[in-house]
Amino acid sequence: MAATISYDRNHRLILSGLECDCACQHRMPDQDIYVGEDILPDLPSYIERRKLGRNCVLVCDRNTYPVAGERTERILSDAGIKVIMCLLKRDGDVDPDERSVGEVLLSIQPETEFIVAVGSGSITDTCRVNAARTGLPFVSVGTAPSMDGYTSAVAPLLLRGLKIHRQGPCPEIICCDTRIMATAPDWMIAAGVGDVLGKFIAKADWKIGSIINDEVYCPVCGQIVTDAVNRLIDNVDKIKAKTPEGIQILIEGLLLAGITVLIIGHTRAVASVEHNIAHFWDMSELALGHRAPCHGASVGIGTLMVWPMFTRFAEEDLSKLDLDALRRDRMDRDQRVRWMHRTWGVENGDTIMEENPGDFLTWEEQERRIRRAQERFPEIREVIRELPPVERIRGTLEKLGAPMEAKDLGISDEVRNISIHCAKDYRTRYTLFKLLDECGLLKEYLSDYPLNWD
Ligand SMILES: [Zn+2]
Ligand SMILES: [Zn+2]
């Protein structure tokens, strides 16, 4: 049975058809997610339903305050909820850094019972880590359909200018008022779409992981994500026009992608090599003292960059691989450490290697994977042929006026080129890029992205 979504009469999202007999552990998400037009006034009843209490800290910034923060404060106060307003960084744009996290923490009082985050990525993540440290539940009032992290359980944050990740809870209540979200600027709408388009790659890589390494693939989560992204592409005109229906389709796509993380407890269905590229750009820009580029925009561009490698691989002839040469030319451990330091930097490279100890393969394991790919190549080709033509992805982003190339985000050619070569190394998680590397094909596939090193 296919997963479907519907709503009860209070606009609460109901997911059904999640029955699945794959070997993943499935959890039914118990968050209350509301999507609808003009639903913000009902927020007190959502809070009442979960019995979160009558004392909160409301977190917003100078952009989200006029859009929804001020109204949320009034609606909660009128309902008898005591609100401590935390308007982050009044003088500039908010990053999810120690300053923002500290501002929230110092606004929390002994009597505070929950946190309300009014914003998108940065504000939600700032509140998420505070919720984790204080044990308080938190509520998300979404202001922009710009990323799929509303339902996430990990907060990307900045500490002393470096990107870090901290675990944190998912909001107990997510309130997406489509009228508020429709006021988001065009670039944020385009970013939300970019973040979802990357799911095609994530799904293909997951399936390739199941073919090569017998990784468990959850068909229900795979289908949730595919349906979400297809609906988005089919409705790009409504999304661009920010009609209530278009905004609803976009936010549903983002929420559904995120919900797969809650169901199976990992991000396999929503992030792969295209997200690794985006992450690399964040780190490179931060190291230069710049702000990190917009996440969804990076993911969209990363998706366009890696896509041709998939279509090309579908036409590959793996029978011609020279295994003796591959064995002779493979990186030894020292060479790999040097490679990781050179691409990711010493500190990040060491952390990545420490967190992914299985990533340096023995030749026996590499050979096993190559032989598996040779034996089951028709299945891999089938996975790739399920992808829509890349022109549809490009067309969707173009229509929304999204940035199309790394340089549009201020990323240098050098950083762009390094990022696509080392994106495979960020996690043990299997990807086509890892397979290309193991088959000795990656350098040739990436010849349009020269490293100009040796
Ligand atoms: Zn993302
Ligand atoms: Zn499953």
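In which hand of crossing does α11 pass α12? The answer comes below, in a friendly walk through this predicted model.

## The α11 and α12 pair

α11 passes α12 in a right-handed crossing. Helix α11 covers residues 273–287 and helix α12 covers residues 295–313; their axes lie 8 Å apart and pack at an angle of about 125°.

From α11, the residues that make the contact are Val273, Glu274, His275, Ile277, Ala278 and Trp281. On the α12 side they meet His295, Ser298, Val299, Gly302, Thr303, Met305 and Val306.

## The α6 and α10 pair

Now to another pair: helix α6, residues 186–197, and helix α10, residues 244–264, have axes that come within 10 Å and cross at roughly 40°. That angle makes α6 oblique to α10. Here the crossing of α6 past α10 is left-handed.

Helix α6 brings Ile189, Gly192, Val193, Asp195 and Val196 to the contact, while α10 supplies Leu250, Gly253, Leu254 and Ala257. Sorted by type, the residues of the contact of α6 with α10 come out as 6 nonpolar, 2 polar and 1 charged.

Helix α8 runs over residues 219–234, and its 16 residues should span 22 Å at 1.5 Å a residue; the C-alpha atoms at its ends are 22 Å apart, which agrees.

Which residues of α8 are buried? They are Val220, Cys221, Gly222, Ile224, Val225, Ala228, Val229 and Leu232. As background for reading such a list, an α-helix has 3.6 residues a turn, so residues three or four places apart point the same way. The buried residues of α8 pack against α6, α7 (199–213), α9 (236–240) and α10.

## A look at arginine 231

Arginine 231 also belongs to helix α8. Is arginine 231 buried or partly exposed? Arginine 231 has 16 C-beta neighbours inside 10 Å, so it counts as partly exposed; a buried residue would need 20 or more.

Setting aside neighbours within four places in sequence, arginine 231 is in contact with Ile249 and Gly253. Gly253 is also one of the α10 residues in the contact with α6. As for leucine 262, it sits 31 residues from arginine 231 in sequence, and their C-alpha atoms are 21 Å apart in space.

How values were computed
Residues numbered from 1 in each chain as written. Chains lettered and ligands numbered in written order. Predicted model: local features only at pLDDT ≥ 70, side-chain atom pairs only at ≥ 80, totals over all residues. Axes fitted to C-alpha atoms, helices over the stretch in contact; angles between N-to-C directions. Helix = DSSP H or I, 4+ residues; strand = E, 2+ residues; numbered from the N terminus. Parallel < 35°, antiparallel > 145°, perpendicular 65-115°, else oblique. Left-handed = near helix turned anticlockwise from the far one by under 90°. Contact = placed C-beta atoms within 7 Å. Nonpolar A, V, L, I, M, F, W, Y, C, P; charged D, E, K, R; others polar. Expected span 1.5 Å × (residues − 1). Buried ≥ 20, exposed ≤ 12 C-beta atoms within 10 Å, placed from the backbone.
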